[in-house]
Amino acid sequence: MDRESVLTLQAHTQPLDPASAESLERPITAEEVITAIRSGAKHESPGINSICHEFYSANWEMVHLDLLELLNHMFLSNNVTPRQKHGVLICIPETDGDGTPNGYHPISLLNTDYKILVRILGLRLRQVMAAHLQHTQFCGVPGHSILDAASQIRDMIAHAENTGTPMCILSLDFHNAFDCIAHDNMFHILQSYSIWLEFIDLLHAMYSDTTVSVQINDTIAGTILIQSGVRQGCPLSMVLYALCLHHLLSMLDHSLQGLQVGRGKGWRPVLAYADDVTIFVTHPVESATTRQAIHCFEKVTGAQLNPSKSKAMALGGWTALATELVH
């Protein structure tokens, strides 16, 4: 991990307020458990233990006390067994896949008790997202949606075209974004939010020595140790990735000017929906700042910008070379 890059990113991150930090520490309640069960998708493929959400929902009165005790034992004692966090990896063909491994989308089938716990943790961490990511991240943040993100991008494009305001819009794509986040770096980033250390220890227990088997043609093969990435199919993955990505968004938000309209109205210079990052550069001198922030994020997290899928669009008389910002 590049220490200097870590300090640069952390300089733009605010720790949690005491009330938000305290909300992560309390024991799990029965209300949280039933909410997590009901929010799970119906008829979802179970993990290796073959127990689905419908079992817990249909037998709630019979099993809820035992399930609550189990989840609190996992939560308060950081006790997650290897079998509980073992996943089965299936590969779904991409719509435009080329038949190679890169043309498939991996999904992890996880045990339901594990998914209930991580869904509860994810719901708690969304309170952190609401407090810290409300200006830049539009995925998973209460009160935001993909339509809000699309609307903001549309309005900024219309303004630049109608007024002739020079602007370059960057759409960033990172190679296998969810798979490249190193676990040690992820835990270090979470500590910068002043999240309860025992909470981070639990996440560490859930991600350390994590294994997966691959299902191919109805056959489950091998046991693979996972040392990086957040698993697609895990309800906690999007929240963890968003919190890691926030360091980049916050650095850009503080470093770039954005677009001002009149006295009171303005648009921020960066927004994201999950791992789709859009940056609005309004002055050529901001090009170096943008590249520095991206390189800093790459050094800290292990992510790598994908120049072939990253795009730049010049608007309103922008004359600087746009493509240099994504290469």
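Start with the place where two helices meet: from H10 come Cys244, Leu245, Leu248, Met251, Leu252 and Ser255, and facing them in H11 are Thr289, Thr290, Ala293, Ile294 and Phe297. Sorted by class, that contact between H10 and H11 has eight nonpolar residues, three polar ones and no charged ones. Keep in mind that this is a predicted model.

How do the two helices sit against each other? Two packed helices are described by the angle between their axes and the distance between the axes. Here H10 covers residues 237-255 and H11 residues 286-301, and their axes come within 10 Å and cross at roughly 160 degrees. Angles over 145 degrees count as roughly antiparallel, so that's what H10 and H11 are to each other. The crossing of H10 past H11 is right-handed.

Now hop over to helix H6, residues 112-132, where you'll find Arg119. Is Arg119 buried or exposed? Its relative accessibility is 12%, so Arg119 counts as buried. The side chain of Arg119 also makes a polar contact, at 3.1 Å, with the side chain of His53. Setting aside neighbours within four places in sequence, Arg119 is in contact with Ala36, Ser39, Gly40, His53 and Pro235.

Last stop is the loop between strand E2 (104-109) and H6, which holds Asn111. With a relative accessible area of 2%, Asn111 is buried. A polar atom of the Asn111 side chain lies 2.8 Å from the backbone oxygen of Arg83. Not counting residues up to four places away in sequence, Asn111 touches Gly47, Ile48 and Asn49, along with Arg83, Gln84 and His86.

Note on methods: Residues are numbered from 1 along each chain as its sequence is written. This is a predicted model: local features need pLDDT of at least 70, side-chain atom pairs count only at pLDDT 80 or more; totals for chains, interfaces and linings use all residues. Side-chain values use heavy atoms; hydrogens and water are left out. Axes are lines fitted to C-alpha atoms, for helices over the stretch in contact, and angles run from 0 to 180 degrees between N-to-C directions. Helices (H or I, at least four residues) and strands (E, at least two) are DSSP runs, numbered from the N terminus. Angles under 35 degrees count as roughly parallel, over 145 as roughly antiparallel, 65 to 115 as roughly perpendicular and the rest as oblique. A crossing is left-handed if the near helix is turned anticlockwise from the far one by less than a right angle, and right-handed if clockwise. Contact means heavy atoms within 4.5 Å. Ala, Val, Leu, Ile, Met, Phe, Trp, Tyr, Cys and Pro count as nonpolar, Asp, Glu, Lys and Arg as charged, and the others, Gly among them, as polar. Buried means under 20% relative accessible area, exposed over 50%, partly exposed in between (1.4 Å probe, protein chains only). A polar contact is a pair of N or O atoms within 3.5 Å; within protein, one must be able to donate a hydrogen and the other to accept it, and residues adjacent in sequence count only if both atoms are side-chain atoms.
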